[in-house]
Amino acid sequence: MSNSNFSGCNNKFGLKCYLFQLVVVLLLAGYQLGWGQWKIETNILSLLPTDSQAQASQQQDINQAKSALFQQANQRVLVAISGEQAIPAYHQLANTITSFTGIENESMTVPDISDVIAFYQPYRDSVMTDDYQALLTEPQAINNFVLGKLTQVSDPFVSGSLAISPRLNLADFLATGLTQLQSFETEQGIIVVHKDGLKHYIMPIKVNVDGFSVKQTQVFSTQLQAEFQRLETKFDVDVLYSGVLFHTAESSQQAEYEMSTFGVISLLAVLLMILAVFRSAKPVNLSLLVLAISIIYGLTAVVTLFNQLHLLTLVFAVTLIGIVIDYCFHAFVSLSNSNSNSNSNTGGGIKSIRTALCLGFITTALGYAALIMSPLSLLSQVAVFMIFGLFGALLTVLLLLPYLNLSGNISVTPSVWTLTDKLNTWLTRLHQQRRLVFALLSLGLVSVIVIDDINFNDDIRLLNSSPAFLIDNEIKMAKLMGYQHSQRIVITADDSETLLQRQEVLLARLQHSQQQGLTVKSIASLLPSVAKQQASNDLLKDAEQQQIFQQGLAILGLTDTVDGFKPLTLDAFNSGPLQALSAVYIFQYKYQNQDTKNIDESVDKKATMKYALWVETSGVALNTDLQQWIADQPDMSIDNKPAEVSAALNHYRQALLLLFAGAILVVTIVLCLRFGLMQGLLGLLSIMVSAGGALLLTQLSLGHLNIFNLLAVLLILALAIDYVIFYQEHGLQRNTVLAITLSAISSALVFGVLALSVTPAVESFGLTVMFGILLVFLLSPLSAKQVTVLSTKPVETESRGDDVSHNSIEVVK
């Protein structure tokens, strides 16, 4: 068989194999996307690694409890209405939201004191405050207390409970507990807060929506804000509102606007550039085809190997576009020359870049493979998406494009070749001075690092694109409700009794800390643990046997015996008039034991119900000793969402720096093995200076760096590796220069436009990419192995496949 026949048969066999595996991938994608067990995860804390298996179980427990609490907070909106017509406006709002599906007024109805006292009657001798318990040691002290209470004839707790609990332990318990938890005044059943001489009528609203569900939050936010504006106009009142709902809606709308605006502009610009360069719509269609196939490959791999696909994976895996377009441009330019050459066969153009494409893919894939072993699932997912996505793009470019009737349909505009030759001339001159260029840049980078310390900022506000008026609303509401310095401490347990006992341990620790100005709120003031109730009942019986209450009861003319112990359980409490308070402080959640490091999690996990509660501290921040003590407790944690997200970003950043070092080492080995030690190190220098320069320029522009700048380096490294390999494989050939120039321009259009975003994280990501693309474009040609010499001798252009003459660039190896 002749070489041409053998080659043709081989190509047809490769095409058949490609089509077969493509069908398999499409079928798998359809099954996984339609019936797979994967789900989208939005909580950034779910990505945090754990240090050990023992800690992992505890960390999962407390994190799931805090996630449940966070979900509750996401569903709550707080409204404050002030003005002369505030009460009519309040009732108007209450009536209106009843017509909104999924929105309800959560204002608690204040129970009648007589109903509360009647509910506690069976447990009257099992509840008492710590102050009352301290009085039981001295008969005179408790008698003075009882006599003092009897003089407070207007106290409804004393008058209401005296007949059933003459020792007044129940009156003291209820008055103290309800005052601690219900610190606000009420008027006509409405919570009222006095601030700056105004009455603010408070309405808590519950919105039945996931705080991160974009479409739902936008609908509910629009409905509520429209109603607030109508109230302000109709009743001449001021309406202050706050809640995660509004931030999510505003941020998502801003993101949609930016993506639609930036996306359309950049996409149109890339398409117009392709049309201008190749004078045909076919390259546009083929680029979209290759990109679609690569996305299907990457997405199928991720949803097959992971049961939870994090939203950030999709956000940062979009960098796949930049490299896939790079593959396409190299193919189009090579096929253009092949089509112009009458002696070339159908696949000749692709064959000329096959080695460079394959080597570029292998190097990039090995670099991303280092991220798969990361304890951070986000990086593992991004690595899998990129590797399989690029593999799909590589197969499509090498095996499918040559058979899509390309012959004679793709050609480069002559003026583009002219501009390319001029650019090539300039790059050649720069290449001749590469030692000086690298020396100056390296010295400059080191000098900047020494002079200007690198500052990393992991603040959660980098993720925030909320408008100023919403942030101002949150600050005003925090001042109004008095939770500017409040913190919530979350406690978890397998059963309600253990939960209440652990809460009492925490309260004792807080009390013994003796922090001035520290205020504590907890459900323990109305629902002690059964163990504490038993202890209270025993103390009361001992005091009765010692006749401590004899004088007080004689004055009242009453006789009373301490009842036998009857415990007040959580279930019993939830059947009483104060159930609404229990629902606020105590909640059950479905605990699911899961290992986020497992890739294949097809086995159903057993879910159990667990209990959690929160204790609120306010007034002053907890001191260092208290914070450390809470951190050492396996079932307790301070719920500080901003700090936790910032800590998550810090974990990512540190892990990324280490993994980048591993990826660079792998890339260096591949480059040195392929191109030799000196050329490999030269290519590495181009890559490192480009990435480092991009970060330093971003530092100088913004004043700090963050994890999103490091994620931008992922794209920069991938592009730099491809550019370096093509230049070292083919030198400063016009084909290579044109393809890489087009790739750089398209990458700048797709990603650099993100620097215009109002979201700090997206802005910094786009800015780093812009700087990186510019440096990669300028420095990667300096790693080319060939040394070029300029010549002004006119040459025939027939071999180039165009009809214009130009100054040749003779390559001397």
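Colleague: In which sense do β2 and strand β6 pair, and over how many bridges?

Modeller: Happy to start there, and please keep in mind that this is a predicted model. Strand β6 covers residues 198-207, and within this pairing Leu-78 stands opposite Pro-204 of β6. β2 and β6 run in the antiparallel sense, and their bridges number seven.

Colleague: Which residue of β7 does Ala-80 stand opposite?

Modeller: Strand β7 spans residues 238-242. β2 pairs with β7 in the antiparallel sense, over five bridges. In β7, the residue opposite Ala-80 is Leu-240.

Colleague: How many of the seven residues of strand β2 are buried?

Modeller: Buried here means under 20% relative accessible area. Strand β2 takes in residues 76-82 and is largely enclosed by the rest of the structure, because its buried residues number six of the seven.

Colleague: By class, what residues does the contact of α25 with α27 have?

Modeller: From α25, the contact includes Leu-649, Phe-660 and Arg-674. From α27, residues including Phe-708, Ile-721 and Glu-729 take part. By class, the count is 18 nonpolar, one polar and three charged residues.

Colleague: Are α26 and α27 roughly parallel or roughly antiparallel to each other?

Modeller: Helix α26 spans residues 677-702, and its axis lies 10 Å from that of α27, at an angle of about 150°. Angles over 145 degrees fall in the antiparallel class. α26 and α27 are therefore roughly antiparallel.

Colleague: How many charged residues does the contact of α26 with α27 have?

Modeller: Among the α26 residues in this contact are Gly-683, Ser-686, Ala-691 and Thr-698. On the α27 side, Asn-709, Ala-720 and Val-724 are among them. The contact has eleven nonpolar and six polar residues, while the number of charged residues is none.

Colleague: What is the handedness of the crossing where α26 passes α27?

Modeller: This is again the pair that packs at about 150°. The crossing of α26 past α27 is right-handed.

Colleague: Finally, what share of the residues of the protein chain count as buried?

Modeller: The chain has 29 helices and 15 strands. Among its contacts between residues at least 6 apart in sequence, 80% join residues at least 24 apart. Of the 813 residues, the share that counts as buried is 51%.

Conventions
Residues numbered from 1 in each chain as written. Predicted model: local features only at pLDDT ≥ 70, side-chain atom pairs only at ≥ 80, totals over all residues. Heavy atoms only, no water. Contact = heavy atoms within 4.5 Å. Helix = DSSP H or I, 4+ residues; strand = E, 2+ residues; numbered from the N terminus. Nonpolar A, V, L, I, M, F, W, Y, C, P; charged D, E, K, R; others polar. Axes fitted to C-alpha atoms, helices over the stretch in contact; angles between N-to-C directions. Parallel < 35°, antiparallel > 145°, perpendicular 65-115°, else oblique. Left-handed = near helix turned anticlockwise from the far one by under 90°. Buried < 20%, exposed > 50% of the residue type's maximum accessible area, 1.4 Å probe, protein only. Pairing = 2+ DSSP bridges.
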